[in-house]
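Please look through the structure below, together with its sequence, before reading on. The paragraphs that follow take its parts one after another.

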Amino acid sequence: IILNNHQGKAMWCCSEDDGEGLWYSQEYSEADWLRSLQMLARQYRQQPYVIGYDLRNEPRGIPAQIASKLQLSPQGRYLWPQW
């Protein structure tokens, strides 16, 4: 089993303007994401069938105006190429 972090909000994926292109968003901070990784590691460390964790499924670029509107880090919007 490989655990999958598809996105923060429970909704249909994916669009450039959903605010979910990176591992953090306006609703879920990077610190929240890091805490969730720690929690998952503790929860599944004794489970032999859990072999990995997909850090983020379908990362995508975020247009600068959306990143600004969501008050995301300026570095984050440049991590992924604009397709």
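This is a predicted model: local features need pLDDT of at least 70, side-chain atom pairs count only at pLDDT 80 or more; totals for chains, interfaces and linings use all residues.

Although I1 and Y49 are 48 residues apart along the chain, their C-alpha atoms are separated by 5.6 Å. Once the neighbours within four places in sequence are left aside, the residues in contact with I1 are Y49, V50, I51 and G52.

From this start of the chain we can turn to the aromatic rings. A pair of aromatic rings is described by how far apart the centres are and by the angle of the planes. Searching the whole structure gives one aromatic pair, and its members are W23 and W33, whose rings are 6.2 Å apart from centre to centre, with 45 degrees between the planes, so that the pair counts as tilted. W23 belongs to the loop between β1 (2-4) and α1, whereas W33 belongs to helix α1, and the pair therefore ties together parts that are 10 residues apart in sequence. W23 and W33 are both buried, a term that here means under 20% relative accessible area.

Side chains of opposite charge can pair when their charged atoms come close. In the whole structure the search finds one salt bridge, formed by D32 with R35, and the closest N and O atoms of these two residues are 2.4 Å apart. Both residues lie in helix α1, where D32 and R35 are three residues apart, about one turn of the helix. How exposed are the two partners, D32 and R35? D32 is partly exposed, with a relative accessible area of 29%, and R35 is likewise partly exposed, at 46%.

The last stop is the largest pocket, which contains about 150 Å³ of space. Its lining is made up of 14 residues, and those that lie nearest the centre of the pocket are N5, G8, Y28, W33 and R56. Which helix gives the most to the lining of the largest pocket? That is helix α1, which spans residues 30-44 and gives three residues. Sorted by class, the lining of the largest pocket consists of six nonpolar, five polar and three charged residues.

Methods
Residues are numbered from 1 along each chain as its sequence is written. Side-chain values use heavy atoms; hydrogens and water are left out. On a 1 Å grid over the protein atoms alone, a cavity is a set of points where a 1.4 Å probe fits but cannot get out, and a pocket is an open set with protein on both sides within 12 Å along at least five of seven lines; lining residues have an atom within 4 Å of a point. Grid points are joined across faces, edges and corners, and a volume is the space filled by probe spheres set on the points. Helices (H or I, at least four residues) and strands (E, at least two) are DSSP runs, numbered from the N terminus. Ala, Val, Leu, Ile, Met, Phe, Trp, Tyr, Cys and Pro count as nonpolar, Asp, Glu, Lys and Arg as charged, and the others, Gly among them, as polar. Rings of Phe, Tyr and Trp (its six-membered ring) pair if their centres lie within 6.5 Å; planes under 30 degrees apart count as stacked, over 60 as edge-to-face and the rest as tilted. Buried means under 20% relative accessible area, exposed over 50%, partly exposed in between (1.4 Å probe, protein chains only). Contact means heavy atoms within 4.5 Å. A salt bridge is a side-chain nitrogen of Lys or Arg within 4 Å of a carboxyl oxygen of Asp or Glu.
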